[in-house]
Amino acid sequence: MKNSTIIMSGNKGSRKINFGSGPAALPEEVLHQASEAVVDYNHTGLSILEIPHRGKLFLDILEESKALVRELCELDDQFEVLWLHGGGRLQFCMVPANFLGENDVAGYIDSGHWSQEAMNYAAYYGRSEALCSSRDVRYTALPTFPKKIPDDLAYVHITTNNTIYGTQWHRLPDVKVPLVADMSSDIFSIGRDYKNLSLFYAVAQKNVGAAGTTLVVLRKEMLKRVKRDLPPMLDYRAQVAKASVLNTPPVFAIYTCLLMLRWTKKKTLAVLEQESIDKSCLLYDALDQSNIFHPVVAQPEYRSRMNVCFRANNSEIEKGFSDFCSQQNITGLEGHRTVGGFRVSLYNAISREDVQQLVSAMDTFEKNIVL
Ligand SMILES: *Cc1c(COP(=O)(O)O)cnc(C)c1O
C-alpha cells in the first residue's frame, strides 16, 4: 500500500474502530486509493475532483462500476444500473412517482422507520397500504407476510434490513407483482436472488461506498410502467436514457463506490456472507451470555447480521460503557434516538478482529463494574 502517508500522516496507528450506522467504516485499502485519487487520479495529473463528468476517464469509471454490480448480482441485460443523487429518500419518492398511478394501490411491508417513511412518500402519488406491520411490538420483531397478496397492487415494497431496530429479512417473499426493495443496509452481505426483484436500491454510505450517491437497479420492463409525466431528474426513463449523467453526477462518491465494488469482488460475496454470519454470531453470543447487556431483538430468526442493537441494565451502565469504549478507540455505538442504548453496525468493511475487540471490551467492562 504505497503512499499510505497521505491520510495517515500524523496519526498512524490511531485509526478508530467505527461501528457507525452510516456513513460507515470503509476498508483502509479503499481509503488509501480514494485519497491518492484526490491528489492525482491514475497518474493523469488531475485530481478525481477535477475530471470532466462526460469525459472518457469518468465514463470508464461508470462503466466498470455498473459492470461490477451486474456481475455481483448476477444480472443480465434485462436490468439497468444507475447511480443517482438524493439518497434513500429520493428513491422513496421516485418509486411511487414513476409506478404508482393516482388510483393505484402499492403494498408496503412495514418493518420499521424506513419502511414507514417510504410509505409516507407514496401517499403523495396514490394509495399506499401496509400489508403487515410490526409497529405494535415497536419493530423489535418482523411482521408475518400475509398469506395472500392482492395481485392488482402496483408493486410491493420491502426494506430488507431494518437499520434502526436491528431486524433483517433473511428470505424475501415471493410475490406476483413487482417487488421493490430498499437494500440500503445489507446489500452484498447476504445471499439474495437479485434477479427476482423488479427494482432495488441502496444508499452508498453503508456497504457500497461514500455518501452522495445511491445505487439503483431496475428491470427494463419497469420503464414501460411509468404512470405520469415527470421532470427528467425524477423520471427513471430519462435517467436510464442519459446513463446516470443527466446532470453532473457526484464523481468522487461514484469512484469510491467503484473502489469498494472492486474490494467486494475480490473478497467475494460468499466470503462476505460467511464473515457477516461469524461477526454477528460472535456479538449476539456475547450479548446472550452477558448479565448486564441485552439484545433488543430477542428472537434469533429476526436478528440482523448488519445492525446489532442492545441495551444495558440501566442508563448509568450505558454511560459507563460508552466512556469505556471511547477510551479504547471504539466509536459509533450510539443507538438511534428512537431506540436508545447501543447499535453496532457490522457492515462489510468491519473485520472479525474489530468485533472481537468490542466483545473483549464488553467482557472487561462487565467484570470490572460493581453491580
Ligand atoms: C440509511 C438508510 C436510508 C436513508 O438514506 P438517506 O440517504 O439518508 O436518505 C434509507 N433506508 C435504509 C434502510 C437505510 O438504512
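Q: Which residue of β10 stands opposite Leu82?
A: Strands of a sheet pair through backbone hydrogen bonds, either parallel or antiparallel. Opposite Leu82 stands Val216 in β10. Strand β10 covers residues 214–219, runs antiparallel to β2 and is joined to β2 by six bridges. Two strands count as paired if DSSP finds at least two bridges between them. Helices (H or I, at least four residues) and strands (E, at least two) are DSSP runs, numbered from the N terminus.

Q: What kind of model is this, and how are its residues numbered?
A: The model is predicted: local features need pLDDT of at least 70, side-chain atom pairs count only at pLDDT 80 or more, and totals for chains, interfaces and linings use all residues. Residues are numbered from 1 along each chain as its sequence is written, and side-chain values use heavy atoms, with hydrogens and water left out.

Q: What is the strand order in the sheet that holds β2 and β10?
A: This open sheet of seven strands has the order β2-β10-β9-β8-β5-β3-β4, and its pairing is mixed. The edges are β2 (79–84) and β4 (127–133); each has a single partner strand, so one side of each lacks a neighbour in the sheet. From one strand to the next the twist averages 20°. Angles run from 0 to 180 degrees between N-to-C directions, and axes are lines fitted to C-alpha atoms, for helices over the stretch in contact.

Q: Which strands of this sheet does helix α5 touch?
A: Contact means heavy atoms within 4.5 Å. Helix α5 (residues 113–122) packs on the sheet and touches β3 (105–110), β4, β5 (156–159) and β8 (179–182). The direction of α5 makes about 165° with that of β3.

Q: What is the order of the sheet of three strands?
A: The order is β11-β12-β14, in an open sheet with antiparallel pairing. Its edge strands, β11 (293–295) and β14 (342–345), each pair on one side only. Neighbouring strands here are turned by 35° against each other on average, with direction ignored. Three bridges link β11 with β12 (residues 307–312) in the antiparallel sense, and the bridge partner of Pro295 in β12 is Phe310. Helix α9 (residues 315–327) lies across β11, β12 and β14, at about 125° to β12.

Q: At what angle do α3 and α7 pack?
A: Helix α3 (residues 56–73) and helix α7 (residues 251–267) pack at about 40°, with axes 9 Å apart. The pair is therefore oblique: angles under 35 degrees count as roughly parallel, over 145 as roughly antiparallel, 65 to 115 as roughly perpendicular and the rest as oblique. The crossing of α3 past α7 is left-handed. A crossing is left-handed if the near helix is turned anticlockwise from the far one by less than a right angle, and right-handed if clockwise.

Q: Which residues make up the contact of α3 with α7?
A: On the α3 side they include Phe58, Ile61 and Leu62, and on the α7 side they include Val251, Ile254 and Tyr255. By class, this contact has 11 nonpolar, two polar and four charged residues. Ala, Val, Leu, Ile, Met, Phe, Trp, Tyr, Cys and Pro count as nonpolar, Asp, Glu, Lys and Arg as charged, and the others, Gly among them, as polar.

Q: How do α7 and α8 cross?
A: The axes of α7 and α8 (residues 269–289) come within 6 Å and cross at roughly 85°, and the two helices are therefore roughly perpendicular. Trp263, Thr264 and Lys267 in α7 meet Leu269, Val271, Leu272 and Glu275 in α8. These residues divide into four nonpolar, one polar and two charged.

Q: How do α9 and α10 cross?
A: The axes of α9 and α10 (residues 352–368) come within 11 Å and cross at roughly 130°, which makes α9 oblique to α10. The crossing is right-handed. Ile317, Gly320, Phe321, Phe324 and Cys325 in α9 meet Leu358, Ala361, Met362, Thr364 and Phe365 in α10. The contact has eight nonpolar, two polar and no charged residues.

Q: What kind of peptide bond joins Gly22 and Pro23?
A: Most residues other than glycine have a negative phi, and most peptide bonds are trans. The bond between Gly22 and Pro23 is cis, with omega about -5°. Pro23 lies in the loop between β1 (17–18) and α2 (28–39). Glu74, in the loop between α3 and β2, has a positive phi near 55°.
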